[in-house]
Amino acid sequence: MASDSTPSRPRGEAGAVVLLHDGGGDRSPTVEAVARTIPGLKAQGRRFGKPARHG
């Protein structure tokens, strides 16, 4: 996620997946964007977890 981009606000149903791809190199802009985005989504009542492992 580029530092000048606006993070999208997922509007999916329960079980929606948010996928970020930073393209390699300096990952600090992606880390910063996630650190800014996740608290706002949690404040909207969204929950985060890991996918279930199968197999």
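What percentage of the 55 residues of the protein count as buried? The share is 9%, where buried stands for a relative accessible area under 20%, exposed for one over 50%, and partly exposed for values in between, with a 1.4 Å probe and protein chains only. The structure is a predicted model, in which local features need pLDDT of at least 70 and side-chain atom pairs count only at pLDDT 80 or more, while totals for chains, interfaces and linings use all residues. Residues are numbered from 1 along each chain as its sequence is written, and side-chain values use heavy atoms, with hydrogens and water left out.

The predictor's confidence in each residue, pLDDT, runs from 0 to 100; its mean over the protein is 75, and 73% of the residues reach 70 or more. Over residues 1–6 pLDDT stays under 50, and for these residues the model has eight contacts beyond four places in sequence, a contact being heavy atoms within 4.5 Å. Where pLDDT is low, the predicted coordinates should not be read in detail.

The protein contains one helix and zero strands, both being taken as DSSP runs numbered from the N terminus (helices H or I, at least four residues; strands E, at least two). Helix α1 comprises the 16 residues 28–43, which at 1.5 Å a residue should span 22 Å, in agreement with the 23 Å between its end C-alpha atoms; the expected span is 1.5 Å times one less than the number of residues. Thr30, Ala33, Thr37 and Leu41 are the buried residues of α1. Seen down the axis of α1, these buried residues fall within an arc of 65 degrees, so they line one face of the helix, the arc being that of the directions from the helix axis to the C-beta atoms. The face turned away from the buried side of α1 carries the exposed residues Val31, Ala35, Lys42 and Ala43. After α1 comes glycine 45, which has a positive phi, near 95 degrees.

The count of salt bridges comes to one, a salt bridge being a side-chain nitrogen of Lys or Arg within 4 Å of a carboxyl oxygen of Asp or Glu. It joins glutamate 32 to arginine 36, with the closest N and O atoms 3.0 Å apart, and both residues lie in helix α1, four residues apart, about one turn of the helix. Glutamate 32 is partly exposed at 47% relative accessibility, and arginine 36 is also partly exposed, at 44%.

Valine 17 lies in the segment before α1 and counts as exposed, at 71% relative accessibility. Its C-alpha atom is separated by 9.0 Å from that of proline 51, 34 residues apart along the chain.
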